[in-house]
Amino acid sequence: MHGITRASLWMVMLNTVPLKLMYAMAFAVEEINRNNSLLQGVKLGYRILDSCGRYPWALQSALSLVAGDAQSCGQSVPLIIGPGSSSTATILSRILSPLSVPLVSHLASCPCLSDRQKFPNFFRTIPSDVYQGQALARLAVHFKWAWVGAVIANDAYGQSGLQVFQEEIQGKGVCIEFIETINWETFVDDAKKAAITIQASTARVILLFCWYRGVLQLFIELDEKNVTDRQFLASEAWSTSSKLLKNVAISKVARGVVGVAIRNSPMPGLENYIRSLNPYDRPDDVLIRAYWEKEFGGTETLEEVQSPLTDMSQLRVTYNVYLAVYAAAHALHSLLSCPNRDSPTNNSSTCSSAKHIKPRELLQHLNKVNISTPHGERFYFQGADIPPKYDIINWQKTPEGSLKLVSIGLVDEFNIHLNESAIQWNTRSNEVPVSVCSKSCPPGTRKANRKGEPVCCFDCILCGEGEISNITGSLHCERCPPEFWSNTGRTVCLPRQMDFLSFNETLGITLTTVALSGVIVTTAVFVVFLYYRQTPMVRANNSELSFLLLLSLKLCFLCSLVFIGRPSVWSCRFQQAAFGISFVLCVSCLLVKTMVVLVAFRSARPGAAALMKWFGPGLQRGSVCLFTSVQIIICIIWLSLSPPVPQPDLDVPGLKVTLKCAMASVVGFSLVLGYIGLLACTCLLLAFLARKLPDNFNEAKLITFSMLIFCAVWVAFVPAYVSSPGKYVVAVEIFAILASSYGLLFCIFAPKCFIILLRPEKNTKKHLMGR
């Protein structure tokens, strides 16, 4: 290599790793050195040192590389690939940071190493465990696993992973039932305890954020307890463990595991490279010689061998090493590609001559790496990290009884891509396992959290009347609009059905029959009185008022029929006017009759004959007309200014809503009722005063009794009217009209008809005037 400046990157593997990682690193270096478009005129070199997992050895190896190597040819700049341990990476980064020596790890995933203030020289080609915890949480949310148990390693790996998982599921309907920890020193006892907890739990999905040894012991304990119906969520620390997959003893427990794994990527050429290795071409390679002797006794080749070393199906951490080498190479290429880098006037702090490369300059360019790998993958650093990307894997059973690893999707920082039809669940069916504390509330109900329990544990409460929920798992019930009401299942708002007292229903038919019967009886009495109009019983106390009273009673019976049927604008106005005027006419006749009795008694006294003459039939008719006219005026004013209108009673619950005549003015209705009450009370008072007059047949007694019944009915009407629901309000008013009408009819006319028809001998003036 005459005339070519040779720069070497000394790289170190500081942990016990498979041979594949070491030869992947060598393969990447040799591939780069053969690339004519990358690092032209510069060759990479490497040294691989073993720290045996000990901090002092790792530190010693790193410092020896930083100090330089007498065997290197030309200018060299140190860059360390490794270590595989987060704790070792933390120590090395702190020590090498003042020297600006870059450290690129393929396996150190602790979130703490993302801190650029503390670890400015650290990079990694494996995602931070923060993203692993987020990815596992997204899987739990995606599959609607609301009730999850957790078993974690009692170290920074397990605790930080669980913390991220908990933060990610917050507010997304996933809760953790229990958390069990496994310590490295007491993993057997801890695994037994965790297995007992899992067996007793109601969670069917268990998150295992732990190391291989703890997971294996836990599976053994669960197998002994025959707990084979749990679905496990695997962290990447054990999700691709070949030792677990090949352990047939735990296959019943571990079948169906779903988890995240370091992404797998093909590395074309690596298999041929490894199969071409032999101790004859690499006499200084003690590792390949030892492997060779172990496999063949030193007489064979690797070309036809199927072994873990030649297996290219799972190049996960291997590919991370490959990426680390390419990141280093491109950073060096960027550094050496500055224009006029060899010019004496070049003062750029980010450009350097190949003869004078400083670690700080290489570190600066490593921060800017943004490349496409030979396989077309975009690769760049975000601080210390790379864009997170994981494979989603599934453990599936093989015919031989062991388990195999199947990739079923991909998860990155933003999305989950899954082939759910390819998943083999531990439930031995294609149905996604269900793990909930409480089953989802069906439509028509809402969630009600249980006091003192996680939000995933709840009761399902049926929505109230007039409320619905039309989705599963609703937190609240929605109120139906006023014109709608909920169905019996509380899932749909249905238009309310208009309900009113009709002539077709039993209650309407009954009331109609009673009202018409009253009309018939009143007509019959009228006919009897008309036929016997010349008899003393009919002529007594002004027969004209009796006929007018019978006519008003007939109107009272008939006005009740106006309340039955669908309310309309005119029926609402007419029914109250007819009711008010009919009853005032009726009570006015009784009031005048009572006054006639009192005047007649007074006229029997000496000197009072003129009183009876003055209060003759004309004045009696005028009084009835006057009393009735007042009610007519009240009704006209009321119905002109603020009449009742047909309106659905939406305040009453139920699918059926009553169409009623709403009182727009309570004052008007109160005046109508109040005026009737005033006349009735006056009549009752006068009749009570005249009850002991000396006639054999004193009509004042009959009027007193009839008015007592009348007042009792209408006093009871008010509270019944106010408290009755729906259309029964109308029924109560009709009942009050009919009851009071029948009361007046029978109390006033029944005794008279009895004498007229059955005791004609008493129908004489002598008998009526007797004492």
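This note sets out, point by point, the main features of a predicted model of a protein chain.

1. **Overall composition.** The protein chain has 771 residues, and buried residues make up 51% of them. Its secondary structure comprises 23 helices and 24 strands. Among the contacts in the chain with a separation of 6 or more, 69% are between residues 24 or more positions apart.

2. **Helix α4: length.** Helix α4 covers residues 129–142, which is 14 residues. At 1.5 Å a residue, a helix of this kind should span 20 Å. Just after α4, Lys144 takes a positive phi of about 60°.

3. **His365 and its partner.** His365 belongs to helix α13, which runs over residues 359–366. The relative accessible area of His365 is 5%, and a residue counts as buried under 20%, so His365 is buried. Which side chain does His365 meet in a polar contact of 2.8 Å? The partner is Ser334, joined to His365 through the side chains of both residues.

4. Lys358 is found in the loop between α12 and α13. With 45% relative accessibility, Lys358 counts as partly exposed. In sequence, Lys358 and Val101 are 257 residues apart, yet their C-alpha atoms are 9.1 Å apart in space.

5. **Thr398 in a loop between strands.** The loop between β13 (389–397) and β14 (403–412) contains Thr398. Is Thr398 buried or exposed? Its relative accessible area is 15%, and the limit for a buried residue is under 20%, so Thr398 is buried despite its place in a loop. When neighbours within four places in sequence are left aside, Thr398 is in contact with Leu403 and Lys404.

6. The structure holds 13 salt bridges. One of them joins the side chains of Asp391 and Arg316, with an N to O distance of 2.9 Å. Asp391 lies in strand β13, whereas Arg316 lies in the loop between α11 (286–296) and α12 (317–336), so the pair ties together parts that are 75 residues apart in sequence. Both residues, Asp391 and Arg316, are buried.

7. **A salt bridge between two helices.** Arg621 and Glu544 also meet through their side chains in a salt bridge, at 2.7 Å from N to O. This pair links distant parts of the chain, since Arg621 is in helix α19 (residues 617–641) and Glu544 is in helix α16 (residues 543–559), 77 residues apart. Arg621 is partly exposed, with a relative accessible area of 37%. Glu544 is likewise partly exposed, with a relative accessible area of 36%.

8. Asp229 forms a salt bridge with Arg204, and the closest N and O atoms are 3.7 Å apart. Asp229 sits in the loop between α7 (212–224) and β9 (231–234), and Arg204 sits in the loop between α6 (187–200) and β8 (205–209), the two being 25 residues apart. Asp229 is partly exposed at 40% relative accessible area. Arg204, at 29% relative accessibility, also counts as partly exposed.

9. **A network of salt bridges.** Arg138, Glu168 and Lys172 are linked in a network of salt bridges.

10. **A nonpolar patch on the surface.** Which residues form a nonpolar patch on the surface? They are Tyr55, Leu63, Ile91 and Ile95, which together have about 320 Å² of accessible area. Helices α2 (55–67) and α3 (86–96) each supply at least two residues of the patch. Leu63 has its place in helix α2. With a relative accessible area of 39%, Leu63 is partly exposed.

Notes
Residues numbered from 1 in each chain as written. Predicted model: local features only at pLDDT ≥ 70, side-chain atom pairs only at ≥ 80, totals over all residues. Heavy atoms only, no water. Helix = DSSP H or I, 4+ residues; strand = E, 2+ residues; numbered from the N terminus. Buried < 20%, exposed > 50% of the residue type's maximum accessible area, 1.4 Å probe, protein only. Polar contact = N/O pair within 3.5 Å; in protein donor to acceptor, adjacent residues only side chain to side chain. Expected span 1.5 Å × (residues − 1). Contact = heavy atoms within 4.5 Å. Patch = residues over 30% accessible without salt bridge, like charges linked within 9 Å, V, L, I, M, F, W, Y side chains within 5 Å. Areas by Shrake-Rupley, 256 points an atom, 1.4 Å probe, with all protein chains shown as cover. Salt bridge = Lys/Arg side-chain N within 4 Å of Asp/Glu carboxyl O.
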